[in-house]
Amino acid sequence: MSDIPSDIPIVEIQNVNHSFGSGRLRKQILFNINATIKPGEVLIMTGPSGSGKTTLLTLIGALRATQEGSLKVLAQELRDAPESKLVELRRNIGYIFQAHNLLNSLKAWQNVQMSVELHPEVSKQDSRAMAEEMLAAVGLREWVNYYPSELSGGQKQRVAIARALVSKPKLVLADEPTAALDKKSGRDVVEIMQRLAKQQGSAIILVTHDNRILDIADRTLHMEDGYLTSLDAAPL
Amino acid sequence: MFAIPLAWLQLKREKIRLLVALAGIGFAVILMFLQLGFQDALFDSAITFHRNIEGDIFLVSPQSTSLISMKSFPERRLYQSLGFSGVKSISPIYIGFGIWKNPFWEGPPTSQTRSILVIGTVPGDDILSLPGIHERQAQLRLSDVVLFDSASRAEFGPIPAKFEALQPGDPPIRTEVESRRIEVGGIFTMGASFGADGNLITSDLNFRRIFASRQKDLIDIGVIRLEPGADLLTTLERFKQNLPGELRIDPKKTPEQAKEDFVVGDVRVLSKAAFVAVEQNYWKESTAIGFIFTLGAAIGFVVGTVIVYQILYTDVADHLAEYATLKAMGYRNRYLLSVVFQEAIILSIMGFIPGYILCIGLYTLTRNATALPIAMTLARSITVLCLTVLMCSISGAIAVRKVQQADPADIF
């Protein structure tokens, strides 16, 4: 978990373009993206489906190679970075997916511990304690020994949040975390996520269609047809 | 570093799949154990007799290929060798297959007959170190008396049980071999082989009475014992120099082998090691048996590989999204590969254990049913365990290619 001075942006995107396919089938998805995200900032990205939100998110998350422009995450330039650097970087980012993507063979605390184990400086005893503490923080103290199949949708997503946040990452990426949830549990999940991220000083980039949760953002970005069209201060 | 045994937890989670995998691997283990066990049993049974003859040098006819097809040679050659320095004593052995009549047959009125291996030795020479023979040298001197192999197949009749049950004063067990009336004077233990279902031992005189048509001065095996301290190779060299006739050496033999296995005139001279090796090589190389059993074991190996591959592939496919998530979290490909290989190794060990235990039972069953010397050996257990681990590793190596497809960018 690298310590980055608070004045350096967590994410710095300059002139990023991205295309899929090649030759005649080549289709450009992202056009000249520029953005900066400060430490601890909660940012919501909205836009119709197919506008390129998820592609941008996977680029920031070091899950795809950057093709053009400059993309710096946690002060690491991602363009032309070797795979090993990308893997290293991913360990310092928390991911929350639309589907919870928990490991079904593992109990709740083991799922969370899988994330802690990527940081070898934490001892085994500590890592289990950290996992259980984090589950308590998301309100699942009684559920640490349950398998994902025994939990409700909202509970699973809360385990996923615990997994993403347990290592206190400087950046959390969330892709439609409330899409599969009803109104009440969706609201709970984002609030827990926002509260914990604020406590830990993590920045959040949240992609969503869900208008009900826009109020938690410090800032909202709108994306349309591959262009970032607004960089307003938070509405509402 | 990794406190969570993911491989084991994933296997354990799918209990039915785990059981199917273990059954499949256990089946492959049993198949390999049985095939290799039968093969070893065949080779062992074929040389039980040879190993238990107490001799240092053996003379046979150059035309003899194995115990079941012995040609005779002049006994004069054996007596000639008595004159070579270093030779302490000599003893002839007669080998023949005779028709044995089951004396306790209670089926249809036709008598039940079966071919049995008859071994003729000179009483008092005591050249066979098989259990039960040393004590019964005196019985061998009686005319028309034979010793019966208690480990012969059951079709010859319940001779050992009836013999043990005889009370003093009871009439002895009488039957016919080659239509000559004989009497069972005792029991010894040698064991059936693939070539001979049962064995009899008798004196040289009785042997000639049973096989009356055989020429008198021909024998099948000449056993030579050396003086204590006499050098085997030096003595063999004397045989080479002094026996009459032309020296012929099989060109396929290495010079080392040719020192212990050569033909002079009308006899083939062999050291004990070469004598055993010739018999074993006959079964290994001149019959289809070795090939058949090796092929059987190989099929077990292939079947096991396919089963383990299927299980691992399904397992990886089911967990592909989870693996992609792990990659997104920052786990390296190497970690995921190691999970698949750990699953392979866990499966191989867990499948081996029930296969091993079942096989001990199957060996006992086979031993009782066939009178073949088949048993679990440490060497074979290690061989099969290594084959099982190899089998699962090959499957793992094919299945991990699927893991590479787990793309973390796809799960968003």
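This is a predicted model: local features need pLDDT of at least 70, side-chain atom pairs count only at pLDDT 80 or more; totals for chains, interfaces and linings use all residues.
Residues are numbered from 1 along each chain as its sequence is written, chains are lettered from A in the order in which they are written, and side-chain values use heavy atoms, with hydrogens and water left out.

The interface of the two chains takes 24 residues from chain B and 31 residues from chain A, contact being defined as heavy atoms within 4.5 Å. About 2,700 Å² is buried between chain B and chain A, with 63% of it on carbon and sulfur atoms; buried area is the accessible area (1.4 Å probe) that two parts lose on being put together, summed over both. The count of salt bridges between the chains is 1, where a salt bridge is a side-chain nitrogen of Lys or Arg within 4 Å of a carboxyl oxygen of Asp or Glu. Such a bridge joins the side chains of Arg332(B) and Glu88(A) (3.1 Å, N to O). Polar contacts link 7 residue pairs between chain B and chain A, both residues at pLDDT 80 or more; a polar contact is a pair of N or O atoms within 3.5 Å, and within protein one must be able to donate a hydrogen and the other to accept it, while residues adjacent in sequence count only if both atoms are side-chain atoms. On the side of chain B that touches chain A, the elements giving two or more residues are α1 (6-13) and α11 (320-329) of chain B. The largest share of that side, 7 residues, comes from α11(B).

Within chain A, the domain assignment, automatic or from a database, gives domain 1 (7-92 + 169-231) and domain 2 (99-168). The C-alpha centres of these domains of chain A lie 23 Å apart, and 14 residues of domain 1 are in contact with 14 residues of domain 2. The area buried between them is about 1,200 Å², of which carbon and sulfur atoms give 72%. In domain 1 of chain A, Arg91(A), Pro169(A) and Gln200(A) lose the most area to domain 2, together 39% of what that side buries.

In chain B, Arg77(B) counts as buried because its relative accessibility is 9%, the limit being under 20% (1.4 Å probe, protein chains only). The side chain of Arg77(B) makes a polar contact with that of Gln80(B) (3.2 Å).

Notes. Buried means under 20% relative accessible area, exposed over 50%, partly exposed in between (1.4 Å probe, protein chains only). Helices (H or I, at least four residues) and strands (E, at least two) are DSSP runs, numbered from the N terminus.
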